[in-house]
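Thanks for asking me to look this over.

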Amino acid sequence: MDEQFDFKKKYRNILIILMTGGILVSLAVILISKPGASRIWANVLLNNQYFIGLSLGAAFFLAVHRVAQSGWHTLLQRLPDAMTTFLPVAFILMLLIYFGIHNLYSWTDKNLSDKVIEGKRAWLNIPFFFARLVFYFAGWIALTSMIRKNSNTLMTSSDLKYHNRKILFSGLFLVFYGITVSASSWDWIMSLDAHWYSTLFGWYVLIGMFVTSLAFITLLIWFLKRLGYLKYIRPDHIHDMAILIFAFSIFWTYQWYAQYELIWYGHLPEETSYYITRLHHFKIIFFINLGINFSVPFFGLITINSKRQIGWVAIIAAIVLMGHWIDYWLMIMPATAGDKAGIGVLEVCMTLFYASLFIFIVLRSLSTGPLVIKNDPYIEESLNYES
Amino acid sequence: MLQSPLRTPLIEGKKTYGSITSDILNPMMNKAGKFWYLGMTIAGFAMLFGVFMIFWTVWQGIGTWGENRTVGWAFEITTFVWWIGIGHAGTFISAILLLFRQKWRNSINRSAEAMTIFAVICAALFPLIHLGRPLLTFFIFPYPNTRGLWVNFNSPLVWDVFAISTYFTISLVFWYVGLIPDIGTLRDKISKGLKKNIYNFLSFGWKGSARDWHRHEITSIMLAAIATPLVLSVHSIVSMDFASSIVPGWHTTIFPPYFVAGAIFSGFAMVQTLLIITRKAMGLEAYITESHVENMNKILIATGSIVALAYMTEMFMAWYSGVEYEHYAFMNRATGPYWWAYMIMIGCNVVSSQLLWIKKLRKSLVFTFFLSIVINIGMWFERFVIIVTSLHRDYLTSSWTMYKPTIVEFGLLIGTLGIFFTAFLLFIRIFPVISIFEVKSIMKTGDQHQYETESSHEK
Amino acid sequence: MLQAVRKLLDNKETITDVLSPFPVHGLDETLSIKRSRIPVGGFIFGALGAILAFGFQAWVFTVSYPLIIGGKPFFSIPTFIPITFEVTVLFAGLSMVTAFLIRSRLKPDISFKPLDERITDDRFVILVDTADKELTLNRVKSLLSGIHTLEIR
């Protein structure tokens, strides 16, 4: 119960090698094949969004379960907690977007004589864009670190007031998150297609974030169990993680369908432009996106037995993680890189860099304390959980 | 299963299996009290008024309603969507809370599901009577005919037909499958007579065998598993009645999940209204405890916040879109001739539900009761605002008109309320309001007694 | 009661059935009741419903009476989805309930008489299969002597 993750030098080194390798090969590709500034910056944005999504989705997982007084997940709390430590790094990486902002967002061009964009100037201008960015991250970092702080205090003290504070901050986080994840997705992704809009977009991105976080937490559990940690996590807990991945993948598909169907049905040019680009020029990826993110979790996790085996669930989780990367790719690339878009060495290496960085930060945070929050009042329920 | 000491007991007081049975069955087997008769009288009169209005509509025609061009939909579809929304809480409690293993749902799911069935019945009235020639209602179903015609499967109105029929059927079946063991209990408590024969017939020969329980549990969980996406899909399809149009204020992609959240919001409010009265009237406070009310309030604030977020999103996106028709649609909602409806909507849905952040209010039964009624009024007005303000002033200014409801339409709304409450009052006298076997199955974990001693012995 | 069941099973008594007022957690494993295949039937019928609904809509709109509605193509997959989904759920749900009723042999029957009227209230009954009533009776009595029981007959 008091076990602590030992972030061995071996793993540190592997991750650092992957990080440097990723960056160096990306630079090489940029110098050799000159993919164009739009595509490079689109990759930065894509990976930023994806990994911020992982952190925020993890925080959402924690907050929702805390507020709902759920007992089963108590043993797992440190894993999503560790994932939220990426946010400060993500903030710096998002600030980098400033240097590529003209390559990404067409509305940053002051000389554009576009009536529609002129109407949105009050929201879509560079100072306000970055002010909002700072605001989002300030709130996210502040609230997730308060939740983390109280979790960490609970490792040594059993004063219930820390538990209650966690619930308070979880509630505050949920409210702040609901508003800011919508607004940030409008800012960062939706405005790439400056003429386009969809009221569902924020919630669509939210669910995507949640599913990827669930998948990542599951993979993390698999990884730790393989190393011999987390022996008290039983198939009962895995079952519940699998149910969540199953259910919210279906919910994601439902949101995908709602957005697509209503735009298809209304057939209004200002809305259909989004799907016409993606359906006509990126047809294969479009259907792979829908296919993987629905069929794999649905058919892969539909039986009870499939949900209880950590190995199988981990495979499904890995595929879901890749599938949602493709989802973000479809949201971002066609609008930025356009003809130059593709999934090549550049994409793979940059994602490798980000992924290694993320995993490094998560594992480092995990190793700073015991893996279980011993004094959490729901710990007994979680240990004896049967499902 | 071990319980954290932080959890409040789900069943208060020292109970045995036998006392659970008698606590739940006695109020319904004994003679009805004065308040039941009073409730039945009021609901009955409302129902009769409504039935007369239905007759008047069918006899005289849709001209007795206030609809015109361009406001072709107003009162009735508002009430229709309102009732379907209310029904969703029942399925949410039975199905989704079961899948999330929330044990506190066990004492409220029976009445919530019954509420769903009655709400869907009330809602289903409207597609029947809103047709110019109700005699030809069967046209909405695809059947082979001599004209070679089929229904328009492309239309959300036809999807509605399938969605609501399926929803009604599955809810009914789910409710009844859960009822079978309890009808068995009823059957065995009554010694003889017509009542016993009826319950015997309805109990399908339930004997409590372990294999039957096993299948019963699996069937219930599987029904819950399919009822969950069903409930999401039904209200999404209802929302697509509006969202698949191109009218500003209607054509917006957020409608499906937003309507579902709103439905759960108003549904839980109705459950609160019904249960706060029922638990007092039937002496079931030990089973439907204050913590149940508080948990439902938590769901109210969650869904209320989602609804508020949806309002903000829609308002922002109307401006962001740059489409002047969208701008006007939302300016008109807040400042046009129906601004008062808009204020009621915001006040009753957003402002009032946010009060539930305050713990004292969340735990107060009186506040919850009044709030639940306020929320339902607000949700009715939400649909009214969406439907009427978008229709009465859309693209062509020469087509702008005003809508005024007639007494017939009010009568239909009151009538459906009458039908709903009459049905519910009858239900509490005929079937057990609380799922007896489910409460017994959580007794070991939910009982206050468990916290004092750990020894358990069964016969 | 679970104790009693386990003790009887350990001593090789054949338990035909256990009757209870509510589903007892852990009883299924103790009695080695195999997991019901009702969900499999539900999945199959659901898939059948999906194919039927989708196929029917497609047939109506492409072969039987194609109409141009709102400028949409005849074979418009996005609009076929809602009804397909609803019919899937309908078929899956009804087939599972029917399978449940048939397998448990439950049907409306006025002449039904339960084994003991208190089972649905608060009594648990273990039915032991026996060729010789007297012998089994004594065996069972001695086995269950340590466990609190109401009656053995």
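1. A word on conventions. This is a predicted model, in which local features need pLDDT of at least 70, side-chain atom pairs count only at pLDDT 80 or more, and totals for chains, interfaces and linings use all residues. Residues are numbered from 1 along each chain as its sequence is written, while chains are lettered from A and ligands numbered from 1 in the order in which they are written.

2. Chain A overall. Chain A has 16 helices and 0 strands; helices (H or I, at least four residues) and strands (E, at least two) are DSSP runs, numbered from the N terminus. The C-alpha trace spans about 65 × 40 × 40 Å along the principal axes of chain A. The radius of gyration of chain A is 21 Å, in agreement with the value near 21 Å for a compact globule of 387 residues. That radius is taken over C-alpha atoms, and the globule rule is 2.2 Å times the number of residues to the power 0.38.

3. Burial and contacts in chain A. Of the 387 residues in chain A, 49% are buried. Buried here requires 20 or more other C-beta atoms within 10 Å of a residue's own, exposed means 12 or fewer, and partly exposed is in between, with C-beta atoms placed from the backbone. Among contacts in chain A with a separation of 6 or more, 85% are between residues 24 or more positions apart. Two residues are in contact if their C-beta atoms, placed from the backbone, lie within 7 Å.

4. Chain B overall. Chain B also comes out with 16 helices and 0 strands. With 459 residues, a compact globule would have a radius of gyration near 23 Å, and the 23 Å of chain B agrees. The C-alpha trace of chain B spans about 80 × 55 × 40 Å along its principal axes. Buried residues are 54% of the 459 in chain B, and 84% of the contacts in chain B between residues at least 6 apart in sequence join residues at least 24 apart.

5. A helix pair in chain A. Helix α10 (residues 235-266) and helix α14 (residues 310-336) of chain A pack at an angle of about 30°, with axes 11 Å apart. Axes are lines fitted to C-alpha atoms, for helices over the stretch in contact, and angles run from 0 to 180 degrees between N-to-C directions. α10(A) and α14(A) are therefore roughly parallel, given that angles under 35 degrees count as roughly parallel, over 145 as roughly antiparallel, 65 to 115 as roughly perpendicular and the rest as oblique. The crossing of α10(A) and α14(A) is left-handed, that is, the near helix is turned anticlockwise from the far one by less than a right angle (clockwise would be right-handed). Among the residues that meet are A:Ile238 and A:Met241 in α10(A) and A:Val313 and A:Ala317 in α14(A). This contact has 9 nonpolar, 1 polar and no charged residues; Ala, Val, Leu, Ile, Met, Phe, Trp, Tyr, Cys and Pro count as nonpolar, Asp, Glu, Lys and Arg as charged, and the others, Gly among them, as polar.

6. A helix pair in chain B. α8(B) and α9(B) pack at about 150°, with their axes 9 Å apart. That angle makes α8(B) roughly antiparallel to α9(B). Their crossing is left-handed. The contact of α8(B) with α9(B) has 15 nonpolar, 4 polar and no charged residues.

7. Chain A against chain B. This contact takes 32 residues from chain A and 27 residues from chain B. On the chain B side, α7 (210-243), α8 (255-281) and α9 (290-321) each supply at least two residues. Which helix gives the most to that side? α9(B) does, with 7 residues. By class, the chain B side has 15 nonpolar, 11 polar and 1 charged residues.

8. Chain C against chain B. Here 61 residues of chain C are in contact with 53 residues of chain B. α4(C) gives the most to the chain C side, with 17 residues. That side has 38 nonpolar, 13 polar and 10 charged residues.

9. A loop residue to look at. B:Ala32 lies in the loop between α1 (17-29) and α2 (34-60) of chain B. B:Ala32 counts as partly exposed because it has 15 C-beta neighbours inside 10 Å. Leaving aside neighbours within four places in sequence, B:Ala32 is in contact with B:Tyr37 and B:Arg429.
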